[in-house]
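Colleague: Please show me this model and take a close look at one part of it. I would like to start from the whole and then follow one residue and its surroundings. Keep it plain, as I am new to this.

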Amino acid sequence: MKEQLNAEQIKQLPRRADGLFDLTALDENPFRAAGQVFPIYAAYETEQNGKAGYPDLLAQMRILKGELENEEGLENRQLFLEGLLGTIENVSPQLYEYYRELADLFQKVFEETVNRYGLDAGEKLEGVLNRASALYLLQAERYENVISAKAEKDRNLENGEGTGTSAGIQRLIADFEVKAVMVTARNAVIEIVDGGRYFSVGKYRVLVNGREVLKTERTIVSLYDLKPDSDYKVEIFEGAEKRGGVELRTAHEFVTLDVKRFGAKGDGEQDDTHAIQAAVLACPKDGRVLIPEGTYRITSLFLKSHIRIELAEGAELKAFTDKERFPVFPGMIESFDGKDQYNLGSWEGNPLPMYTGILCGVDVEDVVIYGRGTINGNASKENWWKDPKGYKEAFRPRLFFINHCRNVILQGVTCCNSPSWTLHPYFCRDLKFIDLNVLNPADSPNTDGCDPESCKNVEILGVRFSLGDDCIAVKSGKIYMGSRYKTSSENITIRQCLMENGHGAVTLGSEMAGGIINLTVEDCIFRHTDRGLRVKTRRGRGKDAVLNNIIFRNLVLDHVMTPLVVNAFYFCDPDGKTPYVQSREAYPVDDRTPSIKKLVFEDMQCTNCHVAAAYFDGLPESKIEEIVMRNISVSYADQPKYDVPAMSVGVPKSSKRGLFARNVSRLVLENVVIEGQEGEALEFENVEEIVQD
C-alpha cells in the first residue's frame, strides 16, 4: 500500500459531482487509494473534535463496498479491509454512530470475504485479523478504557513488543468462559461469556461430544436432541482454536408420551386440545410430553406439576380465536365463610374476569416447557385485536398465563401473535424465561412481551422481544391488589436480551401498588423503542408502591427516543388527568403516596436518540431519593423525531433535549457525556444535591 496522505494533501483532493473524493486521482485502484486517504482523514476529523465530513467518509466506504461485488480477487478486499480498519482505529469512540457503523461495515465485508474465498482467506488476512481482534473488544469498552488500551498498544509498538495488540487487550480477550445455565433430560442451555451483549463478540462453532452441532453468534445457546442420564462435553471453537467448554449431565426421564398416540392429528384443522390435554394429565412425574412436528389447533391447555413439555422443531400450537371456545377465569371468588377470596382472573392490575390463556397454569410447580417449536396466539385485527378495549364476558386471554406457580421454565420456543400480554406470570416465584423469541406486530395492541406481576426470583435470559407495547413490564397490581396482598415484584434479573420496537424496553408500572424491589437489567441491546427504562407511577398508587434498588448497566441503546424516563405523573386510569394526579404542587404525604428510592444507571451507550437524553420527574412531596448515572454517553439522530419524553399533562414535545431532572433528592453524574443536544445539556429543578465529576 502506498504511503498515506497527510491532512493538507487530503484537503486538496478533487471531489466528484456528488461531493465525494475522486479516488482515481490517487490510484487507478480505488481500494489502494482508500488506504492512503481514509485513515488519516479519520484522524484529522477526530483531531478537530468535530463530526463534519464523517457522513461523506461513510458514504465513500459504502460505495466502495458495493464496488467490491464487481471486483475479482482477494487482494482488493484485503486492501479495503486494511483501509477500513485503519480508519476505525483513528476514529474517536466518542463519535459512536460513526465508529459503530464503520465497525459493522468491517465485519460484513470480512464475512463476505470468507464466504466467497473460504477459511483459507483468513490466513492471508492475518495481519488485519490481529488488529481486528482488538477492535471488537474496543467497541465494547468505555471511552476511558479505549484510550488507555490504545496508549498501551502504542507503547508496545514503540518498544517493538508483540503484533500491535497490547498485553492488556490480550488479557481481556482471553477472558472467556462457558457456563451451563439450564440442563434437563433432553436439552441444555449454555452461556458464552466473551463480553458480548445478546450477540457474541466472536463467531463460534459448538461441538457436543466431538461433533459439531451448530454455529452461533449468540451468547445464549440452546442444545437439543440430548439423551437422558447421559454425560456430555460441550466445546466452543473459534475457527480452529478451542476457546472453552463445559461438561454436563442430563437429568433422568421416566417416559415420553407422544401426543399423536393420544389422538392429536397436527393437521392444522382438527381441534387437538383434548388429545394434548389428555397426554399432559396422564404424564407421570419426570415424564415428557412430546409434541412432534405439525400444526395443532387448540384453545387453552392447562399445565400439571412435575412434567416437561417439548415442542419439537416444526411443531406449532395454533390457537383458535372464537371466544365461545375459551373458558373464563372469574376475577375474584368469595370463600365459603366470606373471610377470604380466591383470585383467578386479572386485567391490568385489577381482579377481573379474563379468558384463560393459550397455555395456562394454576398452582403448579416443577414444569419445563421447551423446544424449537412455536406457540401462536393467532390474534389479528379480525379477532382479538379488533376491539382491544372492549369488554363483554371477559378480557382478552394471554398467550402464557401462570397463577401462583413455582419453579417454571419456558425455554427456546417462539411466542407470537398474542391476544394481549404474551407472557404473564401472576403471583409466582422461581421462574426462568430463556432463549425465547417473543414476536408480535409493532401495531398490535397491549401485546407486552413479559409482564411479571407480584413475582419473586425471575430470570429473563437471552430473549428477543419485538412487539407492539412494552417489551418487559414489571408490575404488582393496582391499589386494591397492592394494598390487600402487599406482594411486590422482587429479585428480577434481565440479561443478554434484545428488545426492539416496543414502547418501553423495560417498564416498571404503572400497576405497581405492591412495589418493585431489586431489579437488574444488564448486557442488553435496546433498538427502536420509545424508551429504555420507563417508570410509570402516580399519586394514588399507595404507600406500598415503593421502587428501590433498580439497576441498569452495560447496555447499548440505538434509536431509543428517550433512554431513561421516570414519570411520577403518569396519566393512566379514569382520574389520571385530575389535579390530584397531575398537580406539580406538593400534596400531603399519606397512604396514597408512592415512593421512588434508588436508581442506578451505569455503562450505557445511547446513540441516535430523538426526544431527550433522560427525563426524571418525581413528586414534590416524595422526591426521588437517589439517581446515580455513571459512564453514560448520549448522542442524537440526524433527523430526530419530535415527541413528549413522558406521558403526563404539561410535558412539552421536544427534540434533542438533554437531561431533565425535577424533584430529586440526590443526583450523581459521573462521566456522563451528552453531545449534540439543542439547548442545555443539563436541566435541574428542585434537585437538592448534585454530585458531578
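Modeller: The accessible surface of the protein comes to about 27800 Å². Carbon and sulfur atoms hold 46% of that area. Such areas come from the Shrake-Rupley method with a 1.4 Å probe; for residues, only the protein chains shown count as cover.

This is a predicted model, so local features need pLDDT of at least 70 and side-chain atom pairs count only at pLDDT 80 or more, while totals for chains, interfaces and linings use all residues. Residues are numbered from 1 along each chain as its sequence is written, and side-chain values use heavy atoms, with hydrogens and water left out.

Now the whole chain. The protein has 12 helices and 43 strands. Both are DSSP runs numbered from the N terminus: helices are H or I with at least four residues, strands are E with at least two. Of the 693 residues, 57% count as buried. Buried means under 20% relative accessible area, exposed means over 50%, and partly exposed lies in between (1.4 Å probe, protein chains only). Look at contacts next, meaning heavy atoms within 4.5 Å. Take the contacts with a separation of 6 or more: 72% of them are between residues 24 or more positions apart.

Here is the part I picked: lysine 475. Find it in the loop between strand 30 (472–474) and helix 11 (479–485). Is lysine 475 buried or exposed? Its relative accessibility is 3%, so lysine 475 counts as buried.

What surrounds lysine 475? Leave out residues up to four places away in sequence. Lysine 475 then touches Trp421, Asp448, Asp451, Pro452, Glu453, Ser454, Ser489, Gly509, Ser510, Glu511 and Ile516. Pick out glycine 509 from that list. A polar atom of the lysine 475 side chain lies 3.2 Å from the backbone oxygen of glycine 509. A polar contact is a pair of N or O atoms within 3.5 Å; within protein, one must be able to donate a hydrogen and the other to accept it, and residues adjacent in sequence count only if both atoms are side-chain atoms.

Stay with glycine 509. A cis peptide bond joins it to serine 510, with omega at about 0 degrees. Serine 510 sits in the loop between strand 33 (504–509) and strand 34 (516–527). Lysine 475 touches both partners of this bond, glycine 509 and serine 510.

Two strands pair if DSSP finds at least two bridges between them. Strand 19 (residues 359–362) and strand 22 (residues 400–403) pair over four bridges.

Another open sheet has four strands in the order 4-3-6-7, and its pairing is antiparallel. Strand 4 (211–218) and strand 7 (241–249) are its edges. The twist averages 25 degrees from one strand to the next. For such angles, axes are lines fitted to C-alpha atoms, for helices over the stretch in contact, and the angles run from 0 to 180 degrees between N-to-C directions. Four bridges join strand 3 (residues 199–208) to strand 6 (residues 231–238). Valine 206 stands opposite isoleucine 236 in strand 6.

Follow the chain to the loop between strand 7 and strand 8 (256–258), where alanine 251 is found. Alanine 251 is partly exposed, at 24%. Its C-alpha atom is 4.2 Å from that of alanine 185, 66 residues apart along the chain. Leaving out residues up to four places away in sequence, alanine 251 touches Thr184, Ala185, Pro228, Asp229 and Arg308.

Aspartate 366, in strand 20 (residues 365–371), has a positive phi of about 60 degrees although it is not a glycine. Asparagine 686, in strand 43 (residues 682–692), also has a positive phi of about 60 degrees without being a glycine. Aspartate 366 is partly exposed at 28%, and asparagine 686 is partly exposed at 40%.

End with a helix. Helix 4 (residues 74–89) is mostly covered, with 12 of its 16 residues buried. Among them are Leu74, Phe80 and Ile88.
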